[in-house]
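Subject: Structure handover

Hello,

Here is the structure I promised to pass on. Please open it next to this note. My findings follow below.

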Amino acid sequence: AGVYSKNGTGSPSVAGVLTGSPGFTSDANYSCSTETVFGVSERDLVTTADLVVESSQDLPSTLPPNSLVVIDAGNLTFDSTHPLRGSAVVYVRGDVTIAAGSASSFSGLLYVAGDLRITAPADIDGAIVVADGHTAELIGTGDWVRVAYDSEVLDQLRREIGQYRITGPIRG
């Protein structure tokens, strides 16, 4: 589906065209908690991250390739001076805005533990997950917002990131 959500959460707010087969569907059993998506707690996810960003000023202009990035800098805005760029798994604790004119081009998994607003132009391959209880808004007026589910991108990141990660205590 173009957009997949939990039953009763409403339809997506999209200014433009929503595609997929189907464009929108929902399921009573859908869950997108940190544990469901990543298989670990948020705390474990932070401890295994390649990069933890606690201030938006410390966010690199291009994300480290094939990395797990946790952004704990509050609400975050990507704009024309700092677009969302790179190929990574990005976990953001807070709201995310991809502002008009950012020309963001991202490949990977963007997990938002807050509300998400994307304004054109933006190009995202992989997947976006917005945490339970939050909203996503895509505004493509005058240009495009393209979010394309890409299993190959996600599989590559799983192989690169997950292969040797230790998510529990080491016992000797």
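Buried here means under 20% relative accessible area, exposed means over 50%, and partly exposed is in between, all with a 1.4 Å probe and protein chains only. By that rule, buried residues make up 34% of the 172 residues in the chain.

Some ground rules. This is a predicted model, in which local features need pLDDT of at least 70 and side-chain atom pairs count only at pLDDT 80 or more, while totals for chains, interfaces and linings use all residues. Residues are numbered from 1 along each chain as its sequence is written, and side-chain values use heavy atoms, with hydrogens and water left out.

Overall figures

The chain has three helices and 13 strands. These are DSSP runs, numbered from the N terminus: helices are H or I with at least four residues, strands E with at least two. The accessible surface comes to about 9300 Å², and 47% of it belongs to carbon and sulfur atoms. That area comes from the Shrake-Rupley method with a 1.4 Å probe; for residues, only the protein chains shown count as cover. Take contacts (heavy atoms within 4.5 Å). Among those between residues at least 6 apart in sequence, 27% join residues at least 24 apart.

The sheet

Six strands form an open sheet with parallel pairing, in the order β4-β5-β7-β9-β11-β13. Two strands pair if DSSP finds at least two bridges between them. β4 (51-53) and β13 (145-149) are the edge strands, each pairing on one side only. On average, neighbouring strands are turned by 30 degrees against each other, direction ignored. Axes are lines fitted to C-alpha atoms, for helices over the stretch in contact; angles run from 0 to 180 degrees between N-to-C directions.

Now the pairs. β4 joins β5 (residues 67-71) through three bridges, and Leu51 stands opposite Val69 there. β9 and β11 pair over nine bridges; Leu109 has Ala127 as its bridge partner in β11. β11 and β13 share five bridges, with Ile124 partnered by Val147 in β13. Helix α3 (residues 151-162) lies across β5, β7 (85-92), β9 (104-112), β11 (122-130) and β13. The helix runs at about 70 degrees to β9.

The cores

A nonpolar core is a set of buried Ala, Val, Leu, Ile, Met, Phe, Trp, Tyr and Cys residues joined through side-chain atoms within 4.5 Å. The largest has 23 residues, and Leu63, Ile71, Val90 and Ile98 have the most contacts inside it. Two or more residues each come from β5, β6 (76-78), β7, β8 (96-98), β9, β10 (116-119) and β11. A second, separate core of 18 residues includes Cys32, Leu109, Val153 and Leu154. Ile71 is in contact with Val53, Leu59, Leu76, Val90, Tyr91, Val92 and Arg93, leaving aside neighbours within four places in sequence.

Two residues to look at

Leu84 lies in the loop between β6 and β7. Leu84 counts as buried because its relative accessibility is 1%. Not counting residues up to four places away in sequence, Leu84 touches Leu63, Phe78, Ile98, Ser104, Ser105, Phe106 and Leu110. Leu84 and Ser104 are 20 residues apart in sequence, yet 4.8 Å apart in space, C-alpha to C-alpha.

Thr48 is found in helix α2 (residues 42-48). Thr48 is buried too, at a relative accessible area of 11%. The Thr48 side chain reaches the backbone oxygen of Leu45 at 3.2 Å.

Best wishes

Conventions:
Polar contact = N/O pair within 3.5 Å; in protein donor to acceptor, adjacent residues only side chain to side chain.
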